[in-house]
Amino acid sequence: MSEAPFARVALIGIGLIGSSLAHNIRAHRLADHIAITTRRAETLARAAELGLGDSYHLDAAEAVRGADLVILCVPVGSCGAVSKEIAAALEPGAIVSDVGSVKGSVIQQMQPNLPAHIHFVPAHPIAGTEQSGPDAGFRELFENRWCILTPVEGTDPQAVERLKRFWEGCGSNVEVMTAEHHDLVLAIVSHVPHLIAYNIVGTAADLETVTQSEVVKFSASGFRDFTRIAASDPTMWRDVFLHNREAVLEMLARFSEDLATLQRAIRWGDGDTLFELFTRTRAIRRGIVEAGQDTAQPDFGREHGRGPKDET
Ligand SMILES: NC(=O)C1=CN([C@@H]2O[C@H](COP(=O)(O)OP(=O)(O)OC[C@H]3O[C@@H](n4cnc5c(N)ncnc54)[C@H](O)[C@@H]3O)[C@@H](O)[C@H]2O)C=CC1
Ligand SMILES: O=C(O)C(=O)Cc1ccc(O)cc1
């Protein structure tokens with residue numbers, strides 16, 4: 001008899017998150033069999049070369065057949081289409097989950113396609129890097145990181161508990177909340193910051209009076225951090241903004257108001273306003289460091305990744 005918590009896990013999409021999950025499932029014996037499926041034959045072949053799974057399928061329905069855990073690791077805009085492809089092949093009692101950075105839209109896209117005899121438990125690991133593709137994954141990615149589960153009302157608590165234990169098996173701490181709350185929180189702590197990074201790097205790239213070589217030569221560490229984030233996968237982030245539209249627009253409106261306040265303070269020489277804000281934000285940063293939440297994970301990821309992949 002098998003001792004692994006799952007008999008067969010199907011990973012749909014084998015980029016940064018899918019491959020990091022494969023490493024974890026293997027290392028922590030979370031399943032007896034890892035079935036991998038992805039859209040492109042080249043990516044699947046690379047996953048096989050890396051030995052990430054036990055079976056490899058171009059047909060997603062074939063991969064999920066007999067699986068007791070199915071995890072969609074694709075851009076959020078593809079979740080609806082993938083759920084349609086696999087629906088008829090899903091095993092009764094299977095847990096179907098995802099790793100998308102947006103939850104409300106993923107639930108809306110997937111739920112209508114899924115049969116009543118499976119347990120749908122959406123998830124989001126708050127762990128990643130700017131890298132993508134099957135080479136980018138590494139086992140330590142989820143260690144000491146949060147994973148948020150957003151089950152819909154009426155979900156079997158045992159299925160939620162099983163998925164919670166799976167993520168704990170990957171080294172994560174798990175929290176449960178509504179999809180709506182998740183999308184608001186992530187809009188301010190992750191989505192808007194990425195948009196700001198894309199925007200500032202774009203603005204610097206468009207400058208006429210400051211040359212590109214000067215931007216590279218004199219970029220202080222703050223700007224360098226922005227360029228790392230702005231190197232994140234374009235498909236993934238396009239989908240995040242299109243699918244968390246309302247929460248992002250709400251947070252952007254607040255951000256713009258606060259930015260206007262700073263603009264005014266600079267224009268009128270109001271140093272007190274600037275000093276007061278910078279003092280408050282410094283305390284927030286110190287709180288994060290004291291709570292042990294400031295691991296140098298991106299560098300760690302870079303060490304393990306082999307460079308951004310444009311089309312995986
Ligand atoms: N990159 C990050 O830092 C994090 C990403 N996420 C979420 O994880 C999901 C995957 O992101 P990554 O692994 O970073 O992306 P990635 O670009 O590294 O990998 C995506 C994979 O999905 C495949 N794919 C795309 N469309 C597909 C389709 N229709 N059918 C089958 N396979 C398809 C691609 O070929 C690729 O193998 C996204 O929803 C993202 O929001 C969550 C946490 C962190
Ligand atoms: O690389 C970084 O700095 C990240 O912020 C990683 C990340 C990206 C997207 C997510 O949904 C969660 C984490």
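**View 1. Ala10 and its partner in strand 2.** Ala10 has Ala35 as its bridge partner in strand 2. Strand 1 (residues 6-12) and strand 2 (residues 31-37) run parallel, joined by six bridges; strands pair when DSSP finds at least two bridges between them. Ala10 also faces Val70 in strand 4. Strand 4 (residues 69-72) pairs with strand 1 in the parallel sense over four bridges. This is a predicted model, where local features need pLDDT of at least 70, side-chain atom pairs count only at pLDDT 80 or more, and totals for chains, interfaces and linings use all residues. Residues are numbered from 1 along each chain as its sequence is written, while chains are lettered from A and ligands numbered from 1 in the order in which they are written.

**View 2. Strand 1 and its helix.** Six of the seven residues in strand 1 are buried (20 or more other C-beta atoms within 10 Å of a residue's own, with C-beta atoms placed from the backbone). Strand 1, helix 1 (residues 16-27) and strand 2 form a right-handed β-α-β unit: with the strands pointing away from the viewer, the path from the first strand over the helix to the second runs clockwise. Helices (H or I, at least four residues) and strands (E, at least two) are DSSP runs, numbered from the N terminus.

**View 3. The shell around ligand 2.** Nine residues surround ligand 2, with Ser101, Ile126, Gly128, Thr129 and Glu130 the closest; a residue is near if its C-beta atom, placed from the backbone, lies within 6 Å. Domain 1 (6-177) and domain 2 (182-304) each give at least three residues to this shell, with the bounds coming from an automatic or database domain assignment.

Definitions and conventions
A residue is buried if 20 or more other C-beta atoms lie within 10 Å of its own, exposed if 12 or fewer, and partly exposed in between; C-beta atoms are placed from the backbone.
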